[in-house]
Amino acid sequence: ICKNMYLEPWGITTFKELVLAVKKYKHLNNFERPIKQLGNLTPVEFENRLKQIPLEIRINKTLHDFDKK
């Protein structure tokens, strides 16, 4: 998800520019922008660290169970 307010300052005027800007934003957001809630890691860094934890000792938390009524 990329909010319009993040792209407006880039002065995008064509669809081609929009496609390139979204790719750039996706890269910045996933590889370069640290997230406080992830311990100041980028999403990619966080995921790579998570992968190093063996499955049997990872914390398993259900955020929402759509099947539960």
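Along its sequence, the chain of this predicted model follows the pattern α-α-α. Its secondary structure accordingly comprises three helices and zero strands. The radius of gyration of the chain is 17 Å, well over the 11 Å that the globule rule gives for 69 residues, so the chain is more spread out than a compact globule. Taken along the principal axes, the box filled by the C-alpha atoms of the chain is roughly 50 × 35 × 20 Å.

Burial and contacts were examined next. Of the 69 residues of the chain, 9% count as buried. Among contacts between residues at least 6 apart in sequence, 3% join residues that are at least 24 apart. The chain exposes about 6,800 Å², and carbon and sulfur atoms supply 57% of this area.

At the level of individual residues, Tyr6 is found in helix α1, which covers residues 4-7. The relative accessible area of Tyr6 is 37%; this residue is therefore classed as partly exposed, the class that lies between buried, under 20%, and exposed, over 50%. Tyr6 and Pro54 are 48 residues apart along the chain, and their C-alpha atoms are separated by 37 Å.

Definitions and conventions
Residues numbered from 1 in each chain as written. Predicted model: local features only at pLDDT ≥ 70, side-chain atom pairs only at ≥ 80, totals over all residues. Heavy atoms only, no water. Helix = DSSP H or I, 4+ residues; strand = E, 2+ residues; numbered from the N terminus. Rg over C-alpha atoms; globule rule 2.2 N^0.38 Å. Buried < 20%, exposed > 50% of the residue type's maximum accessible area, 1.4 Å probe, protein only. Contact = heavy atoms within 4.5 Å. Areas by Shrake-Rupley, 256 points an atom, 1.4 Å probe, with all protein chains shown as cover.
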